[in-house]
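Subject: A structure for you to look through

Hi,

Here is the structure I promised to pass on. Have it open while you read, and my notes on what turned up follow below.

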Amino acid sequence: MKHRIIVRYADKTLKNAALTIHLNHCISATLEAQGVNVPCEINVLITDDAGIRAINAATRGIDKETDVLSFPMFDFIAGEFPPDPASYIDPQTGLLPLGDMAISMERAKDQAKRFGNTLKREVGYLTIHSILHLLGYDHLDEGEQKRQMRLREEAIAAELDILR
């Protein structure tokens with residue numbers, strides 16, 4: 001499936017061709033694993049802690065940095081991608097505008113070090129996590145929703161061979 005994945009870097013010092021390839025691979029694999037059968041458009045912003053903190057404050061009213069933010073275009077139900085998604089397709093592009101994500105590379109590097117992961121694994125995991133949010137998964141409770149999301153994250157990470 002040919003998706004349009006637009007990766008922007010908030011600062012040219014963050015720009016990295018290998019990272020762009022990895023993001024594209026993780027996004028495409030997650031969409032495939034979730035049975036997304038239409039071409040999608042996803043916007044990705046790679047930023048630092050200050051950048052993601054500003055986005056978090058402006059959009060959620062939370063004035064602190066975080067690792068990843070997700071902004072879904074639609075209110076899908078986790079694990080139940082619409083069987084006939086045609087009504088979600090943008091007629092001008094022929095794509096389903098799934099949503100946007102922002103990743104703090106500063107936070108990803110710190111977490112990789114703290115958790116004993118590679119940066120590739122950490123960014124991959126954050127990407128999978130964000131795409132699942134765009135597809136309706138959530139973890140606001142500490143119960144079934146969080147468990148369901150974590151199981152999918154780990155299964156997809158295993159398929160991508162980006163294990164802890």
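**What I found**

Asp161 sits in the segment after helix 5; helices (H or I, at least four residues) and strands (E, at least two) are DSSP runs, numbered from the N terminus. Before going on, note that this is a predicted model, in which local features need pLDDT of at least 70 and side-chain atom pairs count only at pLDDT 80 or more, while totals for chains, interfaces and linings use all residues. Residues are numbered from 1 along each chain as its sequence is written, and side-chain values use heavy atoms, with hydrogens and water left out.

Back to Asp161: its phi is near 60 degrees, a positive value in a residue other than glycine. Most residues other than glycine have a negative phi. Asp161 is also exposed, at a relative accessible area of 61% (buried means under 20% relative accessible area, exposed over 50%, partly exposed in between, with a 1.4 Å probe and protein chains only).

**The strands**

Strand 1 (residues 4–9) and strand 2 pair in the parallel sense, over six bridges; two strands count as paired if DSSP finds at least two bridges between them. Within that pairing, Val7 is opposite Val44 in strand 2. Going from strand 1 to strand 2, the chain passes through helix 1, and this β-α-β crossover is left-handed. For the handedness, a crossover is right-handed if, with the strands pointing away from the viewer, the path from the first strand over the helix to the second runs clockwise.

Strand 2 (residues 40–47) has seven of its eight residues buried, so the rest of the structure largely encloses it. Strand 2 also pairs with strand 4 (residues 96–104), again in the parallel sense, over eight bridges. There, Asn43 stands opposite Asp100 in strand 4.

In the loop between strand 3 and strand 4 you will find Leu95. Leu95 is buried, with a relative accessible area of 8%. Leu95 and His3 are 92 residues apart in sequence, but their C-alpha atoms are 7.8 Å apart in space. Now try another pair: Ala57 and Ala29 are 28 residues apart in sequence and 31 Å apart in space, C-alpha to C-alpha. Ala57 belongs to helix 2 and is partly exposed, with a relative accessible area of 29%.

**Helix 4**

How many of the 16 residues of helix 4 are buried? The count is 14, so helix 4 is largely enclosed by the rest of the structure. After helix 4 comes Gly136, with a positive phi near 100 degrees.

**Pockets and a cavity**

Rolling a probe the size of a water molecule over the atoms shows where empty space is left. On a 1 Å grid over the protein atoms alone, a cavity is a set of points where a 1.4 Å probe fits but cannot get out, and a pocket is an open set with protein on both sides within 12 Å along at least five of seven lines; lining residues have an atom within 4 Å of a point. Grid points are joined across faces, edges and corners, and a volume is the space filled by probe spheres set on the points.

The largest pocket holds about 680 Å³ of space. Its lining has 31 residues, and His129, His133, Asp138, His139 and Leu140 lie nearest its centre. Helix 2 (49–60), strand 3 (68–72), helix 4 (119–134) and helix 5 (144–159) are the elements that give two or more residues to this lining.

The second largest pocket holds about 190 Å³. Its lining includes Thr13, His22, Met105 and Val123. Helix 1 (17–33), helix 3 (105–115) and helix 4 each supply at least two residues there.

Finally, a search of the whole structure finds one cavity of 30 Å³ or more. The largest cavity has a volume of about 50 Å³, and among the residues lining it are Gln34, Phe76, Glu80 and Tyr137.

Happy browsing!
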